[in-house]
Amino acid sequence: MPNTGRVARFAAGTVALGAATLAYASLIERNLFTLRRQVVPVLATDAEPLRILHLSDMHMTPGQRRKQEWVASLAATDPDLVVVTGDNLAHVKAVPAALRALQPLLDYPGAFVFGSNDYNGPVWKNPFGYFRKDTAHPQGVQGVELPYEDLREVLVGAGWVDLNNARTVLKAGGRTIEAVGVDDPHIGRDDYPSVAGPVDPAADLHLALTHSPEPALLDRMAADGFELLLAGHTHGGQVCVPGVGALVTNCGLDRRMARGLHRWPGSKAWLHVSAGLGTHPTAPVRFACPPEASILTLIPR
């Protein structure tokens, strides 16, 4: 009988610890918005630093005022360029909320691509499904269509560059930036062949955007000479194990690259993956992976 008592106490303690962890992950950490800073050596010798604000995966809903105010406050970082790598929306009425967050940043040069959750609202997913090797978005399993064209119209109207399967040259911080992007590979909307090709060596920086950091796509972007690759989608793993890191990336990317700055293997390019600012509404938790935005300070190689 004493053993039975110890087992009961252990079980009760385990349940209490689990409940406390869940409460922390759902009520506290997912609202601990963090500004991360990275230095990226990609510019020519003697070039002045260039500052990029990288935002991703807001998954905004109308009532998330704290998130909206925090994102809006990032205008105080005075970036040279704002880059948004998708999944801005999570509700059919979220466009005004997303724009409340982004409005102060629209005064700066910007570029964006969309993610799957800009096009369709959230649907419930089995969390264990993320551990499958086949990470492709299940065709036919989509939520309600979201007003992504309304969001696009405002961003483009403010002067931001739409890089969904597009390539262009833009000016930021007194520099010429050749930029390319694709629509979300996670749902098969990417068309890199239509915008592929060697970079223009006359540009001061060569920048590539995608929502989902699929390795085959990143290989092609790096091979074309793009020096800085920006992505989101992974949520940094969202629920991580301290000392281990992300358990999944929800794409083909190695989980060791689930967030942060990494040298892309076999190339001279750098990859920055944002852990994002939000969560899928059906899984509103984060653990050992707080929501984030990043300031990337580009310096000479």
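**Strand pairing and helix packing in the predicted model**

Strand E3 (residues 81-85) is largely enclosed by the rest of the structure, because five of its five residues are buried, where buried denotes under 20% relative accessible area, exposed over 50%, and partly exposed the range in between (1.4 Å probe, protein chains only). Both faces of E3 are covered, with Leu81, Val83 and Thr85 buried on one side and Val82 and Val84 buried on the other. The structure is a predicted model, in which local features need pLDDT of at least 70 and side-chain atom pairs count only at pLDDT 80 or more, whereas totals for chains, interfaces and linings use all residues. Residues are numbered from 1 along each chain as its sequence is written, and side-chain values use heavy atoms, with hydrogens and water left out.

The protein contains six helices and 14 strands, these being DSSP runs (H or I, at least four residues, for helices; E, at least two, for strands) numbered from the N terminus. Of its 301 residues, 52% count as buried. Among contacts (heavy atoms within 4.5 Å) between residues at least 6 apart in sequence, 75% join residues at least 24 apart.

Strands are taken to pair if DSSP finds at least two bridges between them. Strand E2 (residues 50-55) runs parallel to E3 and is joined to E3 by four bridges, with Ile52 standing opposite Leu81 in E3. E2 also pairs with strand E14 (292-300), here in the antiparallel sense and over five bridges, and His54 stands opposite Ser294 in E14. E14 is in turn joined to E1 by nine bridges, the two strands running parallel, and the bridge partner of Val39 in E14 is Thr297.

An open sheet of six strands has the order E6-E7-E8-E9-E13-E12, with mixed pairing. Its edge strands, each of which pairs on one side only, are E6 (166-172) and E12 (260-263), and the twist from one strand to the next averages 25 degrees. Within this order, strand E8 (residues 205-209) and strand E9 (residues 228-231) pair in the parallel sense over three bridges, and Leu207 has Leu228 as its bridge partner in E9.

Helix H2 (residues 65-73) has Lys67, Gln68, Trp70, Val71 and Ala72 buried, and the elements that cover the buried residues of H2 include strand E1 (34-43), E2, H3 and E14. The axes of H2 and H3 come within 6 Å and cross at roughly 35 degrees, where axes are lines fitted to C-alpha atoms, for helices over the stretch in contact, and angles run from 0 to 180 degrees between N-to-C directions. In this contact, Arg65, Gln68, Val71 and Ala72 in H2 meet Ala97, Arg100, Ala101 and Leu102 in H3. The residues involved divide into five nonpolar, one polar and two charged, with Ala, Val, Leu, Ile, Met, Phe, Trp, Tyr, Cys and Pro counted as nonpolar, Asp, Glu, Lys and Arg as charged, and the others, Gly among them, as polar.

Helix H3 (residues 95-102) also packs against helix H5 (residues 148-157), at an angle of about 25 degrees and with the axes 10 Å apart. H3 and H5 are therefore roughly parallel to each other, given that angles under 35 degrees count as roughly parallel, over 145 as roughly antiparallel, 65 to 115 as roughly perpendicular and the rest as oblique. Val95, Leu99 and Leu102 in H3 meet Asp150, Leu151, Val154 and Leu155 in H5, a contact that by class has six nonpolar, no polar and one charged residues.
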